[in-house]
Amino acid sequence: MGMIPFSDLVRYVREHIGISGPQSMPSFAAEAQAWSEGMTKVQTLEEGFRQMDSKGLLNYRPYDSPRIETASPDSVFDIFNVDSDNFWNHHGNTKEDYMELASHLPEIQERMANGESLDSIRSNPHLSNTVDAYYADDKMMKVVKYEDGYQFQDDGRHRMMAAKELGYDVPVKVVGEYTEEETEEEETEVTEDNMKALREAEEEAEEEAAKARKELEEEEEKAEKEFEEETVRTEKELEKEADEVEKEIEVDEGIDY
């Protein structure tokens, strides 16, 4: 997989956790590192899937009945065309429409955790559209499980990406799973090839994460230095102002009325 551009990493974290000033950089660095490591994990998983799929080593097993699970969008791969300029123009909707739908997921999930039924939640006018879009049986996003991730299926890319941008988990309908295809004569050789491919992908991911961490550390050091310099400048200005006030007082005290 390609490297994660540092600019994308910075933009993502700035948009999702906000940066109020240099004093926020430690939090920024930690969040950015976690995001980078999460992305490289998905990339490694996806690369492993590609390697095995291309060699015909995956066996698809459909479930008798779909299983409903809650998934992090970061664990879902095979969502295409997300970089297209027209990605969000879908069925007459805009990105804002999809973000509005996804924004209500935490409230719905909290109510469900407290035992409230979907029918009851759906009766709330400002939650009904989100319930239908994400939880209705005929609209719930379908995925296939692979290791600890999911391959995306069918419709729902825009709803999934909106939830991903906001950092919210989503309900998914797992319709089956991919398992490694066992062979008799080439089983040992195949396993070694698979492991080699996965190791190479993991090494590349680790290198990317290390580079991202180094760049983040440099950004943090730069920000802290700028913050210290600004503090020094402010202190000098305050001292200068205090000296000027003191001089004015001395002049006033010397006036003979």
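A salt bridge is a side-chain nitrogen of Lys or Arg within 4 Å of a carboxyl oxygen of Asp or Glu. Keep that in mind as we walk through this structure, which is a predicted model: local features need pLDDT of at least 70, side-chain atom pairs count only at pLDDT 80 or more, and totals for chains, interfaces and linings use all residues. Residues are numbered from 1 along each chain as its sequence is written, and side-chain values use heavy atoms, with hydrogens and water left out.

**The chain as a whole**

Let's begin with the overall layout. The protein chain has eight helices and five strands; these are DSSP runs numbered from the N terminus, with helices (H or I) of at least four residues and strands (E) of at least two. Along the sequence their order is α-α-β-β-α-α-α-α-β-β-α-β-α. Of the 257 residues in the chain, 36% are buried. Here buried means under 20% relative accessible area, exposed means over 50%, and partly exposed lies in between (1.4 Å probe, protein chains only). Contact means heavy atoms within 4.5 Å. Among contacts between residues at least 6 apart in sequence, 77% join residues at least 24 apart.

**Salt bridges**

How many salt bridges does a search of the whole structure find? The search finds nine. Three of them are listed here.

| Pair | N to O distance |
|---|---|
| Arg61 and Glu177 | 2.5 Å |
| Lys164 and Asp74 | 4.0 Å |
| Glu107 and Arg111 | 3.2 Å |

The salt bridge of Arg61 with Glu177 links distant parts of the chain: Arg61 is in strand E1 (residues 58-71) and Glu177 in strand E5 (residues 170-180), 116 residues apart. Arg61 is partly exposed, at 39% relative accessible area, whereas Glu177 is buried, at 17%.

Next come Lys164 and Asp74, which meet in a salt bridge too. Lys164 belongs to helix H7 (residues 157-166) and Asp74 to the loop between E1 and strand E2 (76-77), so this pair ties together parts that are 90 residues apart in sequence. Asp74 is partly exposed, with a relative accessible area of 26%.

Glu107 and Arg111 are four residues apart in helix H4, so about one helical turn separates them. Glu107 is partly exposed at 28% relative accessible area, and Arg111 is partly exposed at 24%. Glu107 and Arg111 also join Glu116 in a network of salt bridges.

**Two helices that cross**

Two packed helices are described by the angle between their axes and the distance between the axes. For helix H4 (residues 105-113) and helix H6 (residues 125-135), the axes come within 10 Å and cross at roughly 85°. That makes H4 roughly perpendicular to H6, a label that covers angles of 65 to 115 degrees. On the H4 side, the contact is made by Leu105, Glu107, Ile108, Gln109, Arg111 and Met112. On the H6 side, it is made by His126, Leu127, Thr130, Val131, Tyr134 and Tyr135. The residues of this contact divide into seven nonpolar, three polar and two charged.

**A residue with positive phi**

Most residues other than glycine have a negative phi. Which value does phi of Asp154 have? Phi of Asp154 is near 60°, a positive value in a residue other than glycine. Asp154 sits in the loop between strand E4 (149-153) and H7. Asp154 counts as exposed, at 62% relative accessibility.

Note on methods
Axes fitted to C-alpha atoms, helices over the stretch in contact; angles between N-to-C directions. Parallel < 35°, antiparallel > 145°, perpendicular 65-115°, else oblique. Nonpolar A, V, L, I, M, F, W, Y, C, P; charged D, E, K, R; others polar.
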